[in-house]
Amino acid sequence: MKYLIAGLGNIGAEYANTRHNIGFLVADALAAELKAEFVPGRLASVAKARLKGRQVFIIKPSTYMNLSGKAYKYWLNTEKIEVENSLVVVDELDLESGVLRMRPKGSGGSHNGMNHIIESIGNNVFPRLRFGIGNDYPKGRQIDYVLGSWSAEEKEMLQKRLPLAVDIVKSFILSGVSRTMNAYNNK
């Protein structure tokens, strides 16, 4: 079986340590755990790994966040991966910082990367892992917040929550979305 894990973020050093790049951080942590290395690929950096007999493609789109659907759709189609065997990892303003939630489908809300994926594949029925970044910003400053660097307190949270995010992704690959939601959504 093949799986696609798409960690959303923006390429470039200026975005490396921003809240909007949490998908890239989870993808990097998963690749490290599975002893896989990213190499440049079409529309994304790609790491190929195996997990208990399953082939796993981990991508970090190089299209920038707002065009993430191009890379996601390309890799699904190229590797002939079923949508239900894919997982999008994304930052989420509507969850408290560090809260992790898996869902089998849903709207993109105000997240342009998620909305582009929905537009690209023509529906919103694909698994996603939402990583809460909180919404502690003044009105009208959302872009500055999501593209802002992690605070010292948030960096400490990341050290604790990134391993859990990796465990959730591995559970998704091995057990599916429903069992993973039951096991992890309230942790």
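A: In this predicted model, the residues of strand 5 point two ways, with S86, V88, V90 and E92 directed to one side and L87, V89 and D91 to the other, and all of them are buried. Strand 5 is accordingly described as mostly covered, seven of its seven residues being buried, where buried stands for under 20% relative accessible area.

The setting is an open sheet of seven strands with mixed pairing, in which the order reads 2-3-4-1-5-7-6. At its edges stand strand 2 (39-41) and strand 6 (100-103), each of which has a single partner strand, so one side of each is left without a neighbour in the sheet. From one strand to the next, the twist averages 25 degrees.

With strand 1 (residues 2-7), strand 5 (residues 86-92) pairs in the parallel sense over four bridges; here L87 is the bridge partner of I5, while V89 stands opposite G7. With strand 7, strand 5 is joined by five bridges, and these two strands also run parallel; on this side, V88 stands opposite R128 of strand 7.

Notes:
Residues are numbered from 1 along each chain as its sequence is written. This is a predicted model: local features need pLDDT of at least 70, side-chain atom pairs count only at pLDDT 80 or more; totals for chains, interfaces and linings use all residues. Side-chain values use heavy atoms; hydrogens and water are left out. Two strands pair if DSSP finds at least two bridges between them. Axes are lines fitted to C-alpha atoms, for helices over the stretch in contact, and angles run from 0 to 180 degrees between N-to-C directions. Buried means under 20% relative accessible area, exposed over 50%, partly exposed in between (1.4 Å probe, protein chains only).
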